[in-house]
Amino acid sequence: MVDVAAGGTPPPGKPQAHEGPQRRGIWSRRLDRLSGRTGRGLVIAVPYVWLICFFLMPFLIVFAISLAEAAIARPPFKLLEDLGYGLYQVTVNLGNYLFLLGDPLYAVAYVNSVKIAAISTLIALLVGYPIAYGIARSSPSLRNVLLLLIILPFWTSFLLRVYAWIGILKDNGLINNFLISLGLIDEPLPLLYNDFSVYVGIVYSYLPFMVLPLYANLERLDPSLLEAAADLGCRPWKAFLTVTLPLSIPGMIAGSLLVFIPAVGEFVIPALLGGPETLMIGRVLWNEFFNNRDWPVASAVAIAMLLLLVVPIMIFQRYQMKQDGA
Amino acid sequence: MGQRRSFFVLTAMCFGFAFLYGPIVSLIVYSFNESRLVTVWAGFSTKWYGELLRDEQVLDAAFLSLKIGVINATAAVLLGTLAGLILARFGRFKGRTLFSGMVSAPLVMPEVITGLSLLLLFVSAEQLIGWPAGRGMDTITIAHITFSMAYVAVIVQSRLSSLDESVEEAAMDLGARPAKVFLVITLPIIAPALISGWLLAFTLSLDDLVIASFVSGPGASTLPMVIFSKVRLGVSPDINALATIIILIVTVFVVIAGVLLTRQERARTRAVQQALQDED
């Protein structure tokens, strides 16, 4: 997981590969010469075809079905009109999108998802930054242990870790029982089934995604820059604010994107920890699909969610490609 | 001033790790609780473990999840290694941008969208070509391979780009064919990345609720699907027992893998340093 999350920023100092035929590595040159284009083409084709079949095509189908009409049938939508004689007519209707625009439920869910994801990302950044900073400043042997401790929860079931918070936050849960036994409160605090518990759940689940890219970034920082600042009479706090913080912005962006993007479409956390008024778009899509069985509207919700996420996903892809090109 | 800041950082780290591990510890502690009320301590007991082992539904689901996880991880490592190799070593080719986009997009795609889109694919394909006939283990496995291979590809790619190509080039200059170079030189070097990729793909599959719920059919319930339906009805101690077992297994595996990989890495670094010194 380190590799995935740390992939946010390209290693500094590596020159960008130059354009032109020299850029092709020895692998491709040799492959061309020895086995001809066929062998190389075959190696490329296997994962390429898989991804086109099971990643790209499904999206095109979602888009097509978002333009279909709901029908009482199996599957429950109507896209092709059978005209007889082997002829089909594609019915395109924008009704599902108009329906999304017309019902305030969807607009509220969108705004709410973005709000909850943004606030959780900010909290995760505030909590994660000191942890990443502390790990990057530890001795190398301690560093590996701490990193392992950050990654370890990620390997245990996400569902069960979210479930653990129910026992902690509920009315007769650990926190409320503890506070009541201390005599600090008489009535249990409403900690569960509201926006607060959703924030806790998202920050908790996605904290490693924030810490790892931040750590990768901070660890590469040249300590001589801070020494130079100190030699020139800079106080540590000021050196942190004017040297470390600006240089760690790429790590902050990578970490924030890795938290924000999945948080917007999150289903499990609002479903288990959120209250009935915690509307998030992932949950709306799920209900539309499983409870209302309206596949065309669920598809339209998915397309609309993609439009919302296309900008953050593009930024993330650019980070990936920078690393790819380096 | 410096002292105060490191104190602040230390406190923040302690708080952070407590935040990460508190819930996990509470799950484990209350799995040994006598009482059905999960958060009221009523004495030590292991009865929830016995109850869990008698629960047919949980056992069947766990077996199905393990089966899917192993097939998924193996296939994802095969496909993901090819994809990572192509991205790191094949230079430019037609459609490279689309390819690299398709490899990294599943990493950030919301699960509800991936799940919905794959389900609609399977339904449409069944109507058009009669495959897949019904949904269940096969469709879940295909869906899992698709997103797990992206993770493996990124791990393999970053491993390969951090490696010097000169060893591979030397082998080729000595006349080895590309396939042989890959099997004899590249594969052993990236083996640790393949192991972590396999483990990651296995865990992702074992953990997935949303995508499996979309693409599964009647009769095929994975472990997360069973847990989710139980948890929705409220907190229950046998789920705590299940969580404890999973956490225990995962911790043992990850720690062993971590120790082995670090040791191997160290031996390799030492061998390289030795070789460089001998050259001097």
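This is a predicted model: local features need pLDDT of at least 70, side-chain atom pairs count only at pLDDT 80 or more; totals for chains, interfaces and linings use all residues.
Over all chains, 28 aromatic pairs were counted. One of them links A:Tyr48 and B:Phe99, whose ring centres are 5.1 Å apart. The planes of these two rings meet at 25 degrees, so the pair is classed as stacked, given that stacking applies to planes under 30 degrees apart. The contact crosses between chains: A:Tyr48 belongs to helix 2 (residues 26-66) of chain A, and B:Phe99 to helix 4 (residues 96-108) of chain B. Both residues fall under the 20% limit for burial: A:Tyr48 is buried at 13% relative accessibility, and B:Phe99 is buried with a relative accessible area of 0%.

A further aromatic pair is formed by A:Trp286 and B:Phe214, with a centre-to-centre distance of 5.7 Å and an angle of 80 degrees between the planes. This geometry is edge-to-face, the class assigned to planes over 60 degrees apart. A:Trp286 is located in helix 13 (residues 281-290) of chain A and B:Phe214 in helix 9 (residues 210-215) of chain B, so this pair also joins two chains. A:Trp286 has a relative accessible area of 8% and is therefore buried; B:Phe214, with a value of 2%, is likewise buried.

A:Trp286 and B:Phe214 are also members of one aromatic cluster.

A contact between a charge and a ring occurs in chain A, where the charged end of A:Arg137 sits over the ring of A:Tyr133. The distance from this charged end to the ring centre is 4.9 Å.

How values were computed: Residues are numbered from 1 along each chain as its sequence is written. Chains are lettered from A and ligands numbered from 1 in the order in which they are written. Side-chain values use heavy atoms; hydrogens and water are left out. Rings of Phe, Tyr and Trp (its six-membered ring) pair if their centres lie within 6.5 Å; planes under 30 degrees apart count as stacked, over 60 as edge-to-face and the rest as tilted. Helices (H or I, at least four residues) and strands (E, at least two) are DSSP runs, numbered from the N terminus. Buried means under 20% relative accessible area, exposed over 50%, partly exposed in between (1.4 Å probe, protein chains only). A charge sits over a ring if NZ of Lys or CZ of Arg is within 6 Å of the ring centre and within 35 degrees of the ring normal.
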